[in-house]
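Trainee: I have a new structure to read. Can you take me through it?
Mentor: Gladly. Look it over, then ask about one feature at a time.

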Amino acid sequence: MVLSAAGQHLLRVSRPGAWGQHLLRVSRPGAWGQHLLSGIGSVSTTAKGFQEKEIREKLQAFPGGSIDLVKQESGIAVLTVNNPARMNAFSGSMMVELEERVSQLEEWTEGKGLIVQGAAGTFCSGSDLNVVRDISNPQDGMKMCMFMQNVLTRLLRLPLLSVALVEGSALGGGAELTTACDFRLMVPGGMIRFVHKHMGLVPGWGGAARLVRIVGSQNALKMLGGALKVDPEMGLQIGLADGVLEGSLDGSGANALLEAEQWLGCYTTGPASVIRAIKKVVVSGRELPLEVALRTERDVFGTVWGGPANLQALASKAKHK
Ligand SMILES: CCCC(=O)SCCNC(=O)CCNC(=O)[C@H](O)C(C)(C)COP(=O)(O)OP(=O)(O)OC[C@H]1O[C@@H](n2cnc3c(N)ncnc32)[C@H](O)[C@@H]1OP(=O)(O)O
């Protein structure tokens, strides 16, 4: 990873000519703020070419499960990792479907929030081990890893406030998925566990990079080095969890989802234009060098200043007691 120059190198992988370099390279130096602003939020611009097609085809050869998306009137969408027979492990086709759902969310201009959950009361047990076994050569592993890094980076950058609703276990790649959301809400009995070490691996879907930013390097080292089981209490303590819900009353997950929607609603109430602008300035502040982040903030500010919500607030002489 090269972090030297703004925008251009933000997510470039180090090996010249590597498949991932194409996938993750931002097309124009200095264009990064524009990408965030455009709402595309993608790290992949010109890279939707031959190599991505190749890995998509390869992943499609491992079918099973689905990634379901429901966009609600409230402006909160629900994304469900759905492969209960394998504890919601990601088959190859689910990885491809996740990319398609993220594309749909990138185009959803009325959206404000997103909840990512697993089907049938558990979150996600990571990569399907049958896929892992079948593509265990380093070249294919790298390609799968870059594909998922790209998708999860785009997920995190969506102009939506996102929550991972952790019921049951989030293991391996499932734990990495939780870090691709802005917030994590845990249900009693829920667990986030980076089991990679026990699989002779390290995170490869961007989970380590994001984890360090969430809990700091000391905690990340402990979590990865010890393959720690992070329960809701520890999650709150180290800042991995943003809240603990009461959880499901009937085992259906419906109650936890309702609670998560209520929790998220505290932050998504208001016009979509403003909520989306909030996410954009935070993403740019989190990811960009200060100068570029300030420019991006100015540009985003320009999209809301004098806008309908701003004019309405001025007309109502709003007081903030
Ligand atoms: C860069 C990505 C790195 C990765 O994600 S590597 C994958 C990391 N994940 C794992 O190693 C999870 C392995 N699985 C487990 O530890 C346990 O199955 C788990 C999730 C704790 C659940 O345990 P139990 O409640 O006892 O249930 P169980 O073991 O009988 O599982 C039910 C069925 O689900 C299957 N399953 C669970 N996780 C899977 C996975 N990741 N890939 C493929 N199949 C998986 C498991 O084989 C079982 O299937 P079956 O009923 O035997 O046909």
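Trainee: Which elements are included in what covers the buried residues of α8?
Mentor: Keep in mind that this is a predicted model. For α8, the cover includes α6 (138-157), α7 (173-178) and α9 (232-238).

Trainee: Which residues of α8 are buried?
Mentor: Buried means under 20% relative accessible area. In α8 that holds for G207, R210, L211, V215, A220 and M223.

Trainee: How do I relate such a list to a helix?
Mentor: Start with the general idea. An α-helix has 3.6 residues a turn, so residues three or four places apart point the same way. Then check how straight the helix is. Helix α8 spans residues 207-225, 19 residues in total. Its end C-alpha atoms are only 14 Å apart. A straight helix would reach 27 Å at 1.5 Å a residue.

Trainee: Where is the kink in α8 centred?
Mentor: On G216, and the kink is about 115°. Look just past the helix as well. There, A227 takes a positive phi of about 45°.

Trainee: Now the surface. Which residues make the nonpolar patch of about 320 Å²?
Mentor: L129, V132, M199 and L201 make that patch. Take V132 as an example. V132 sits in helix α5 (residues 129-134).

Trainee: Why is V132 called partly exposed?
Mentor: The label goes by relative accessible area, with buried under 20% and exposed over 50%. V132 has 30%, so it counts as partly exposed.

Trainee: And G111: is it buried or exposed?
Mentor: Buried, because its relative accessibility is 0%. G111 lies in the loop between α4 (92-106) and β3 (113-118).

Trainee: Which residues is G111 in contact with, leaving aside neighbours within four places in sequence?
Mentor: G75, P159, L160, A272 and R276. Sequence separation and spatial distance are separate things to check. G111 and S136 are 25 residues apart in sequence, and their C-alpha atoms are 38 Å apart in space.

Trainee: What does the whole protein look like in numbers?
Mentor: Begin with the elements: there are 13 helices and eight strands. Next, burial: 52% of the 321 residues are buried. Then contacts between residues at least 6 apart in sequence: 69% of these join residues at least 24 apart. Last, the surface: the protein exposes about 14,800 Å², and carbon and sulfur atoms supply 57% of that area.

Conventions: Residues numbered from 1 in each chain as written. Predicted model: local features only at pLDDT ≥ 70, side-chain atom pairs only at ≥ 80, totals over all residues. Heavy atoms only, no water. Helix = DSSP H or I, 4+ residues; strand = E, 2+ residues; numbered from the N terminus. Expected span 1.5 Å × (residues − 1). Bend = angle between axes of the 7 residues up to and from the residue. Buried < 20%, exposed > 50% of the residue type's maximum accessible area, 1.4 Å probe, protein only. Contact = heavy atoms within 4.5 Å. Patch = residues over 30% accessible without salt bridge, like charges linked within 9 Å, V, L, I, M, F, W, Y side chains within 5 Å. Areas by Shrake-Rupley, 256 points an atom, 1.4 Å probe, with all protein chains shown as cover. Salt bridge = Lys/Arg side-chain N within 4 Å of Asp/Glu carboxyl O.
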